[in-house]
Amino acid sequence: MNIPSNLKYTKDHEWVLIDGDIATVGITDFAQKELGDIVYVEVETLDQTLDKDEVFGTVEAVKTVSDLFLPMSGEIIEFNEELERNPEDVNSDPYGKGWMVKIKISNAAEVEELLSSDAYKQLIGA
């Protein structure tokens with residue numbers, strides 16, 4: 001299972017790439033495998049400021065719909081519009097083409113609450 005060490009993780013199976021005050025967010029390789037074939041990604045929170053752990057969207061697989069939880073407080077400044085045409089990118093490249101949103105971080109201290117790759121591996125038993 002692919003769990004890049006340069007990323008941070010949440011207990012809700014999202015990954016976070018921090019670049020200054022911008023965080024790129026997607027779901028982990030583990031999450032996409034658990035969900036199965038992803039057919040739709042919906043994010044209707046673009047340009048909204050949300051608190052940590054608020055729902056920022058949903059991901060729909062063949063058999064289920066799952067909420068997406070914001071790993072850090074901030075403003076949703078970008079949605080990966082490619083996912084509207086190619087939601088399967090989340091399955092084939094969850095850490096690359098399958099990214100979902102970019103956030104302008106409003107509380108940098110929340111970075112410390114995210115999991116390291118080793119801690120995430122322990123969480124999922126990898």
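Predicted model: local features only at pLDDT ≥ 70, side-chain atom pairs only at ≥ 80, totals over all residues.
1. Thr45 has a relative accessibility of 9%, so it counts as buried, the cut-off being under 20%. Its place is the loop between E4 and strand E5 (49-50). Leaving aside residues up to four places away in sequence, Thr45 is in contact with Leu50, Val55, Phe56 and Ile76.

2. Stay in that loop for a moment and go to Asp47, which also lies between E4 and E5. Is Asp47 buried or exposed? Its relative accessibility is 54%, so with the cut-off at over 50% it counts as exposed. The backbone is worth a glance too: phi of Asp47 is near 70°, a positive value in a residue other than glycine. As background, most residues other than glycine have a negative phi.

3. His13 is another one for the phi list. Its phi is near 75°, again positive in a residue other than glycine. You'll find His13 in the loop between E1 and E2. At 22% relative accessibility His13 counts as partly exposed.

4. Now the sheet that E4 belongs to. Which order do its strands take? It runs E4-E6-E7, an open sheet of 3 strands with antiparallel pairing. Strand E4 (38-42) and strand E7 (65-69) are at the edges with a single partner strand each, so one side of each has no neighbour in the sheet. From one strand to the next the twist averages 25°. Between E4 and strand E6 (residues 55-61) there are 4 bridges, in the antiparallel sense.

5. Zooming out, the chain has 4 helices and 9 strands, and along the sequence they come as β-β-β-α-β-β-β-β-β-α-α-β-α. The radius of gyration is 13 Å, close to the 14 Å from the globule rule for 126 residues, so the chain is as compact as a globular protein of that length. The C-alpha trace spans about 35 × 35 × 20 Å along its principal axes.

6. A few totals for the whole chain. Buried residues account for 46% of the 126. Taking contacts between residues at least 6 apart in sequence, 60% of them join residues at least 24 apart. The accessible surface is about 6500 Å², and carbon and sulfur atoms hold 43% of that.

7. On to charges. Side chains of opposite charge can pair when their charged atoms come close. How many salt bridges does the chain have? The count is 4. One of them joins Asp21 and Lys104, at 2.4 Å from N to O. That pair ties together distant parts of the chain, 83 residues apart: Asp21 is in the loop between strand E2 (14-19) and strand E3 (22-27), and Lys104 is in strand E9 (residues 101-105). Asp21 is partly exposed at 36% relative accessibility, and Lys104 is partly exposed at 37%.

8. Lys52 and Glu113 make another salt bridge, with N to O at 2.6 Å. This one also links distant parts of the chain, 61 residues apart, with Lys52 in the loop between E5 and E6 and Glu113 in the loop between E9 and helix H4 (117-124). Lys52 has a relative accessible area of 25%, which makes it partly exposed.

9. Glu82 counts as partly exposed at 35% relative accessibility, whereas Arg85 is exposed at 55%.

10. Last, have a look at Tyr9 in strand E1 (residues 8-9). Its relative accessible area is 0%, so Tyr9 is buried. What does Tyr9 touch, not counting residues up to four places away in sequence? Its contacts include Ile3, Pro4, Glu14 and Trp15, as well as Thr28 and Tyr95. Further along the chain, Leu114, Leu115, Ser116, Ser117 and Tyr120 are also among them. Thr28 is 19 residues from Tyr9 along the chain, and their C-alpha atoms are separated by 8.2 Å.

Note on methods:
Residues numbered from 1 in each chain as written. Heavy atoms only, no water. Pairing = 2+ DSSP bridges. Helix = DSSP H or I, 4+ residues; strand = E, 2+ residues; numbered from the N terminus. Axes fitted to C-alpha atoms, helices over the stretch in contact; angles between N-to-C directions. Buried < 20%, exposed > 50% of the residue type's maximum accessible area, 1.4 Å probe, protein only. Contact = heavy atoms within 4.5 Å. Rg over C-alpha atoms; globule rule 2.2 N^0.38 Å. Areas by Shrake-Rupley, 256 points an atom, 1.4 Å probe, with all protein chains shown as cover. Salt bridge = Lys/Arg side-chain N within 4 Å of Asp/Glu carboxyl O.
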